Amino acid sequence: MRCNSDDLAHYMQASYSHASMHIFITLSAVAVFIGTRHVFSKIRNEMANLTVIIIGAGPIGLTSALIAVQCKRVHRLVIFEEENRSRVENRSYQITIQPSLVSFLRGYGVDFDNLEGEWQDGCFYTRVGVYLEYIIHVLPLYRAETDIKFGTKFSRDCIDTIDVMSGRKLVLCCDGRTGLAGQILGLSDECAYHSTASFGALAAIERSSQTLVPKPEIRVHNIGFDLSAYVSSELEEKSKSTFSLKIFGNSRCRFLALAVKKSDTKIVKAMKTVLDKSKTETAAYISDCDTFVITEGDASRSFNFNTGMDINLGLKSLSSLKPFIERITVAETEYNIMSSLIYKMEHSDRICKYFLKYGLKEYLFM
Ligand SMILES: Cc1cc2nc3c(=O)[nH]c(=O)nc-3n(C[C@H](O)[C@H](O)[C@H](O)COP(=O)(O)OP(=O)(O)OC[C@H]3O[C@@H](n4cnc5c(N)ncnc54)[C@H](O)[C@@H]3O)c2cc1C
């Protein structure tokens, strides 16, 4: 067969338009696919919601609840508390909320002006029961369905209750220093022990005739003790033996915390060594039941012999709770799930490291 140049040009033009058509159809199909996927993922993201389960209605559990109900992703909140409501609301010990945390909590609607308590230097002093009662009262005012199960101890038997809940879940273990919820749910119980290079002693005075009126703290730093009264050879060490004293608590129960920087003086060594403890695993994801588990408050860390700082440390850690909830509700890929867990664990770790480095200095050795 013979082709002249006109035929060839015609043939090439036809092939060209044929190929262009193919490319156009393919690109359109890809664009429609990407667009539909984007729309579906947007709809899925917008509809994604979370059930939050909190174990423990102490100050950290209930503050977490207050934050959670204000996240638009959270549609249901369940709280397990082993004690009954009146015991929770009548807890008598005092809490001191630091100025930065007062503004953090105000941001979540805590109306300090209508809470019984005392102010001094921007710190708010109240009874823990007053704070807990306030949160229990305001939680139902928010959109999320809230169920506080007082008198219900969380145990292995309760795992099924969580498993049958549909959709993605977040369990916050806020069951305090001796809490086992994290362990029951599969978190490691391994702890890291740290030293703040200090020794400390704690004394408590209870005057049962007094009412539970909140009282501000008294701090005295750099007190020189003449240790020669006990061991004469330690006289020369006297200049190094600088103590700091903090008196806190309410008018019925006053606590005296004495701290001294670590030294080789025998009398100082005889005081209680300060050991700080923090959980090494504070967040995990259980894929079988699409559940995130984290620990907060005393269940996560406990610091030194008693600086009266535990609640503040627990509250500080809650500043990452809202962003964490936002992230995990929409996290679909393994990468997103892992990076959300790392985000929460790193924040928890930073709180510990900051306290170890500056904590006692800020709160006892100013
Ligand atoms: C006498 C005293 C005085 C204190 N004074 C101060 C102070 O002045 N300043 C300060 O910052 N800190 C103070 N603290 C420390 C403070 O109490 C804690 O740091 C704080 O309560 C920790 O809060 P949390 O919510 O993590 O744990 P917790 O307050 O211990 O709350 C844990 C909650 O979980 C519940 N729970 C436990 N196990 C389960 C379970 N299996 N199922 C269901 N519920 C469970 C418990 O009943 C409890 O309600 C004091 C403590 C005491 C005892």
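## A pair of strands

Tyr 285 stands opposite Phe 292, a residue of β14. Strand β14 (residues 291-295) pairs with β13 in the antiparallel sense over four bridges, where strands are DSSP runs (E, at least two residues) numbered from the N terminus, as are helices (H or I, at least four), and two strands pair if DSSP finds at least two bridges between them.

This is a predicted model, in which local features need pLDDT of at least 70 and side-chain atom pairs count only at pLDDT 80 or more, while totals for chains, interfaces and linings use all residues. Residues are numbered from 1 along each chain as its sequence is written, and side-chain values use heavy atoms, with hydrogens and water left out.

## The sheet

The open sheet has six strands in the order β6-β2-β1-β7-β14-β13, with mixed pairing. Its edge strands, β6 (145-150) and β13 (283-286), each pair on one side only.

## Around the ligand

Among the 27 residues around the ligand, those that come nearest are Glu 81, Arg 91, Phe 154, Asp 298 and Asp 310, a residue being near if one of its heavy atoms lies within 4 Å. The shell divides into 11 nonpolar, eight polar and eight charged residues, where Ala, Val, Leu, Ile, Met, Phe, Trp, Tyr, Cys and Pro count as nonpolar, Asp, Glu, Lys and Arg as charged, and the others, Gly among them, as polar. Helix α2 gives the largest share of this shell, three residues.

An oxygen atom of the ligand is 2.7 Å from a side-chain N or O atom of Arg 91, a polar contact being a pair of N or O atoms within 3.5 Å.

Note on methods. A polar contact is a pair of N or O atoms within 3.5 Å; within protein, one must be able to donate a hydrogen and the other to accept it, and residues adjacent in sequence count only if both atoms are side-chain atoms.
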